[in-house]
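Walk through this structure one feature at a time.

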Amino acid sequence: MADFRVSEIIHRPIEEVFSYLSNLENATNLLPFVTDMEKLSSGPVGHGSRFLETRLVRRRRIQAEVHMTKFDRPTAFTSKSVSNGVEILYHYTFSAIEEGTQVEMEAEVKTGGFLSFLTKKQLVKIIKNEDGGQLQKLKEVLEAEEVHR
């Protein structure tokens, strides 16, 4: 069950949108709190690819390994990260539409233990605030005139 959802129509072809978003090294262009995203695995991005994300949280650097747990080019992928007992899954789906590409993201936040359950609502709010605008930023980046010259 998703803890929050966002959706965006991007006026670019589905393959271009999928390729840009699924290359998690582009996260630094889309997520203001992500300061670095390093690919750890070799070969092209796909199922099983691993990345090391560095995020600035309350002036502290936090790192998490991010795994591609699903990869169906160009219609869907899922990334999973675990940090400090919190697991976050981002499920992305892509649909070719007349205007370009419809992108939907569903976020699942999983916490452990009773105390974590009590704080999950606040944690989801923080994560949505930090990462919820990524599709809007993706739209801005991919539709920018200078990208397509």
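Pro74 sits in the loop between strand 4 and strand 5. A cis peptide bond links Arg73 to Pro74, with omega about -5°. Strands (E, at least two residues) and helices (H or I, at least four) are DSSP runs numbered from the N terminus.

The model is predicted: local features need pLDDT of at least 70, side-chain atom pairs count only at 80 or more, and totals for chains, interfaces and linings use all residues. Numbering starts from 1 along each chain as its sequence is written, and side-chain values use heavy atoms, without hydrogens and water.

Turn to the largest pocket. A pocket is an open set of points on a 1 Å grid over the protein atoms alone, where a 1.4 Å probe fits, with protein on both sides within 12 Å along at least five of seven lines; lining residues have an atom within 4 Å of a point. The lining has 41 residues, and Arg55, Val57, Ile88, Ile127 and Glu130 lie nearest the centre. Helix 3 gives the largest share, 9 residues. Strand 4 (60-72) and strand 5 (76-83) are among the elements that supply at least two residues each.

Now the helix pair. Glu16, Val17, Tyr20 and Leu21 of helix 1 meet Gln134, Leu135, Leu138, Val141 and Leu142 of helix 4; contact means heavy atoms within 4.5 Å. The axes lie 11 Å apart at an angle of about 120°. They are lines fitted to C-alpha atoms over the stretch in contact, with angles from 0 to 180 degrees between N-to-C directions.
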